[in-house]
Amino acid sequence: MNEKQLAKKASQMRRDVIRMIEIAGSGHPGGSLSSTDLLTCLFFNVLRHNPKDPEWTQRDRFHMSKGHCCPIWYALLADFGYFPKKELDSLRSFGALLQGHPDPKIPGIDVASGSLGQGLSVAMGMALAGRMDKKDYRVYCLLGDGEIQEGNVWEAAMACAHFKCDNLCAILDYNGFQIDGRTQDVMGLEPIADKWKAFGWEVIEIDGHNISEILKAYEKAKGIKNKPTIIIAKTIKGKDVSFMENVVDFHGRAPTKEEAVIAMKELSDE
Amino acid sequence: MSKEMMYQRDVYGKTLVELGKEDENIVVLDADLSGSTRTSFFKREFPERFFNFGVAEQNMISTSSGFASCGKTVFASTFAMFATGRAWDQLRNSVCYSNLNVKLVATHAGITVGPDGATHQALEDIALMRVIPNMTVIVPCDGPQTRDAIIAAAKIKGPVYVRLGRAKVASIEGLGKFEVGRANVLRKGNDIAIFSCGIMTEQALIASEELAKSQIECSVVNIHTIKPIDEDRINEIAGKVKSIVICEEHSVIGGLGGAIEEVLARKGLGIRVARIGVNNRFGQSGSSKDLLKEYKLLAVDIVEAAKKIYSKS
């Protein structure tokens, strides 16, 4: 896809996110919308995968460590045909395929997530297994900024560099908010880039809504050898929905019917 | 009755090497204790399939699920305290919820850790592991049974917890064929039934000999698989007596005793139960001999408990 098509696709994914969370009546729109551009670019232009064969052993792996933002993952998987789109309508409901947090029963999802801080390790296991088997797949892992307050993340950061996992690329959705407020107020994260550099990572800092920068970052990461790469993407929580942008309340609250109507209008292609 | 003394962890290390030769899909992880857990044996043979995560158990366990999701059979080891305590959330959410092929083989369980003291003596690990869905829990009673358990664990598709000790243990005769979920009946008697696991099986057998001298005939049943527990065998053996004694080197809360009492209560047998185990206390430093005495985990304690409960019938 070209950049224009990707931008258009991202809007469509955002509409799916709003729609499914509004129907569900609960969920996490803020972080889903902040990571939409990053993941739309990844799934359409970077990731080697085959929706007809989700278990394809040569597939690139994607693991969403910040599992609460699964609505955007579900929207992408549905768009690729991993499961019927109508499943999006039953997100979080009893008996539904699409659980409140990522579940390995869902085609395209390998390992559960939701309890924060564990996903980078999971991704590292996939990366080490690939290297052992001399497979050339890459592993991508989406982290939340609030999430990196978890100690397990830094254990993994240390180990990924120790094991020189250059087939692993982490993506940090740096939207600056967590449930209780601004990350800088709740538990300061800065200097984030220096921290990852000090742990031995290649750090690429980008605007997480600039399609061109996103694509270039993924491309650059592929060329980094002997160390893991993290793309630190500055993003806007609730991106592209005016009343959600940088509003902490929408970290974990569903839009009302009326709010969803406004959001859909703002996200329309016209 | 008992013969050779062995370290269960030596057996574990050797069995891992055996398995590693047969199956190149096996990977082994450790968290800076490979010398103590004996995963170092595997490291020596297959360095490319061994990963040391340093002092970072949470990372080791969540990484194990990534390996397993790519088709690897993962053996992850450290001390029982850190394996089951420090990384419990990682085990529950990343490993067991995804039903991944991870074998957590923990050593240094129980009070017999000795001089390291309370912080290192896991007395809650069976409870912590058996409560998680999809998890199989195995507590081998000696060296040879450890080998059987490790081989069986490798064949199970899904998470398994295997609990091993630090100290040498006597090999038990007549254990018979090992089958996950099927208890070993080591002795039959109609007065009292003694159920045990791990190192307490040897003590149970010694106690049964002693009790026989007082004309109290005991059944002795080694419950190596705590989950899934052998309900049929427990109901059958317990159904023949009025009193049972349950012995474990673990807290009396939530372990083997908890599991057996759940079975018996469901069946409504209404029999009396005496418990040999650590009674809602932390451990402490000392030789394992001193500690087994202090915490009343010896054959003499089983005999006393059995006589007390039997005399009431």
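This is a predicted model: local features need pLDDT of at least 70, side-chain atom pairs count only at pLDDT 80 or more; totals for chains, interfaces and linings use all residues.
**Figure 1. Overall build of chain A.**
Chain A contains ten helices and seven strands. Its radius of gyration is 17 Å, which agrees with the value near 18 Å that a compact globule of 270 residues would have. Along the principal axes, the C-alpha atoms of chain A fill a box of roughly 50 × 45 × 35 Å. Of the 270 residues in chain A, 52% are buried. Among contacts in chain A with a separation of 6 or more, 76% are between residues 24 or more positions apart.

**Figure 2. The open sheet of chain A.**
Five strands of chain A form an open sheet with parallel pairing, in the order β1-β2-β3-β7-β6. The edges are taken by β1 (61-64) and β6 (202-207) of chain A; each has a single partner strand, so one side of each is left without a neighbour in the sheet. On average, neighbouring strands of this sheet are turned by 20° against each other, direction ignored. Strands of a sheet pair through backbone hydrogen bonds, and the pairing is either parallel or antiparallel.

**Figure 3. Strands β2 and β3 of chain A, with helix α5.**
Strand β2 (residues 139-144) of chain A runs parallel to strand β3 (residues 168-174) of chain A, and six bridges join the two. One bridge pairs A:Cys141 with A:Ala170 in β3(A). Helix α5(A) lies across β1, β2 and β3 of chain A. The angle between α5(A) and β2(A) is about 170°.

How many bridges join β6(A) to β7(A)? Six bridges do, and the two strands run parallel. Within this pairing, A:Ile206 has A:Ala233 in β7(A) as its bridge partner. A:Ile206 also belongs to the covered face of β6(A), together with A:Glu202 and A:Ile204. The uncovered face of β6(A) consists of A:Val203, A:Glu205 and A:Asp207.

A:Gly252 is found in the loop between β7 (229-234) and α10 (257-266) of chain A. Is A:Gly252 buried or partly exposed? A:Gly252 is partly exposed, because 15 other C-beta atoms lie within 10 Å, whereas a buried residue has 20 or more. Leaving aside residues up to four places away in sequence, A:Gly252 touches A:His28 and A:Ile179. A:Asp194 is 58 residues from A:Gly252 along the chain, and the C-alpha atoms of these two residues are separated by 29 Å.

**Figure 4. The contact between chain A and chain B.**
Here 21 residues of chain A are in contact with 22 residues of chain B. On the side of chain A that touches chain B, α5 (119-132) and α6 (151-162) of chain A each supply at least two residues. Which element gives the largest share of this side? The largest share, ten residues, comes from α5(A). By class, the side of chain A that touches chain B holds twelve nonpolar, seven polar and two charged residues.

**Figure 5. Overall build of chain B.**
Chain B has 13 helices and 14 strands. Its radius of gyration is 19 Å, close to the 20 Å that the globule rule gives for 313 residues, so chain B is as compact as a globular protein of that length. The C-alpha trace of chain B spans about 60 × 40 × 35 Å along its principal axes. Buried residues account for 58% of the 313 residues of chain B. Of the contacts in chain B with a separation of 6 or more, 80% are between residues 24 or more positions apart.

**Figure 6. The two domains of chain B.**
Chain B is divided into domain 1 (2-170) and domain 2 (174-311). The C-alpha centres of domain 1 and domain 2 of chain B lie 24 Å apart. Their contact takes 31 residues from domain 1 of chain B and 34 residues from domain 2 of chain B. On the side of domain 1 of chain B that touches domain 2 of chain B, two or more residues are given by each of α7 (125-130), β6 (136-138), α8 (143-155) and β8 (168-172) of chain B. The largest share of that side, four residues, comes from α8(B). By class, the side of domain 1 of chain B that touches domain 2 of chain B has 18 nonpolar, nine polar and four charged residues.

Definitions and conventions. Residues are numbered from 1 along each chain as its sequence is written. Chains are lettered from A and ligands numbered from 1 in the order in which they are written. Two residues are in contact if their C-beta atoms, placed from the backbone, lie within 7 Å. Ala, Val, Leu, Ile, Met, Phe, Trp, Tyr, Cys and Pro count as nonpolar, Asp, Glu, Lys and Arg as charged, and the others, Gly among them, as polar. The radius of gyration is taken over C-alpha atoms; the globule rule is 2.2 Å times the number of residues to the power 0.38. A residue is buried if 20 or more other C-beta atoms lie within 10 Å of its own, exposed if 12 or fewer, and partly exposed in between; C-beta atoms are placed from the backbone. Domain bounds come from an automatic or database domain assignment. Two strands pair if DSSP finds at least two bridges between them. Axes are lines fitted to C-alpha atoms, for helices over the stretch in contact, and angles run from 0 to 180 degrees between N-to-C directions.
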